[in-house]
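Welcome, and please open the model in your viewer. We will go from one stop to the next, selecting a few residues each time.

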Amino acid sequence: MPAPRLRRLVLLSLALCIATVAQPITADEAPVSRLIRTDDIDTHVLDYAPGMPGAPILLLHGAFGSTRLWEGVAKQLSVCRRVIVPDMRGRGRTALGDKTLAPEQLARDMRALLDALRVDVVHVTGHSAGSIALLQMLQRYPERILTATLVGSPAMVIGETSGPMATLSADLRRLAAGQTAIDPSLNEFREQWKRVTPEPTRFLDLASQLAARQAFEIDPADSAGRRPVMVIRAGKDALISPDAFTRLAERIRADRIEDFPDGTHQLPRQHAVHLAALIEDFVRQSSAPRDSTGQGLPSLPSQCRQHAQ
């Protein structure tokens, strides 16, 4: 694919992330909005169906996302269970604070958030860079996670020396330095981002460091504390090839792979209802009690207002 076209596709994916911030939530589906103190920052959280019993679902957005990315998915999932959607450090209504955007720090932030909410265990779904934080949670705090779903995960391509992610990293460093980008659309992207992040200049610098990070490594031989994992594979992701999703699934020994042939990097908004149904099904099947043969017993229907997990 020609470089200018590839860059336009990458920027379109980022612009769609930013566009999610401005779209309002209607009154009949409005979650509880709250600020929760976690370490050095107040983390903004949208809490859907907070009174619902059972283990909640935690939804983590990517590097250029916010709580708005998960609106449609959270609305669907909250029919059956509590759904917790944070603005991660430096995004949406959450300040950047004095820490970095390293996946290890984001994982610590999420553990602190669960502690503050007095939530012991969760089912976690991470999108893009949020999936890297989820992988860190799996490695560091497996006792807090019941299931893990990775959507649009760049785990195996971060750190490449060429390709869309490397180009994006270089462009972000230029913007963070206050330079004018060669591509006019990048300058427009910088102005858009200023409107949706509390500290745009510092965040762009840290985001470029994150994009240049070496690929996240997880030891497939380490089965201690292993949890069920599902990988969502998007066929038309401008940042990540289908083969990269396949390699990731193999590396972490995913229990389940689901395909969206027309899926883009904005799959949580593009296919919110279908994605929510897959997450709910994976959660229920992974949590179902087993009979004497090891087979899953029949689970509750997906349209429920009470859930026995």
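A polar contact here is a pair of N or O atoms within 3.5 Å; within protein, one must be able to donate a hydrogen and the other to accept it, and residues adjacent in sequence count only if both atoms are side-chain atoms. This is a predicted model, where local features need pLDDT of at least 70, side-chain atom pairs count only at pLDDT 80 or more, and totals for chains, interfaces and linings use all residues. Residues are numbered from 1 along each chain as its sequence is written, and side-chain values use heavy atoms, leaving out hydrogens and water.

Start with His 44 and show its side chain together with Asp 87: a polar contact of 2.7 Å joins the two side chains. Is His 44 buried or exposed? His 44 is buried, with a relative accessible area of 3% (buried means under 20%, exposed over 50%, partly exposed in between, using a 1.4 Å probe and protein chains only).

Next, colour the strand that holds His 44, which is E2 (strands are DSSP runs of E, at least two residues, numbered from the N terminus). Select residues 32–38 for E1 and 41–48 for E2: the strands run antiparallel, joined by 7 bridges (two strands pair if DSSP finds at least two bridges between them). Val 32 stands opposite Asp 47 in E2.

Finish at the turn: 2 residues lie between the strands of this hairpin, and Asp 39 takes a positive phi near 60 degrees.

Notes. Helices (H or I, at least four residues) and strands (E, at least two) are DSSP runs, numbered from the N terminus.
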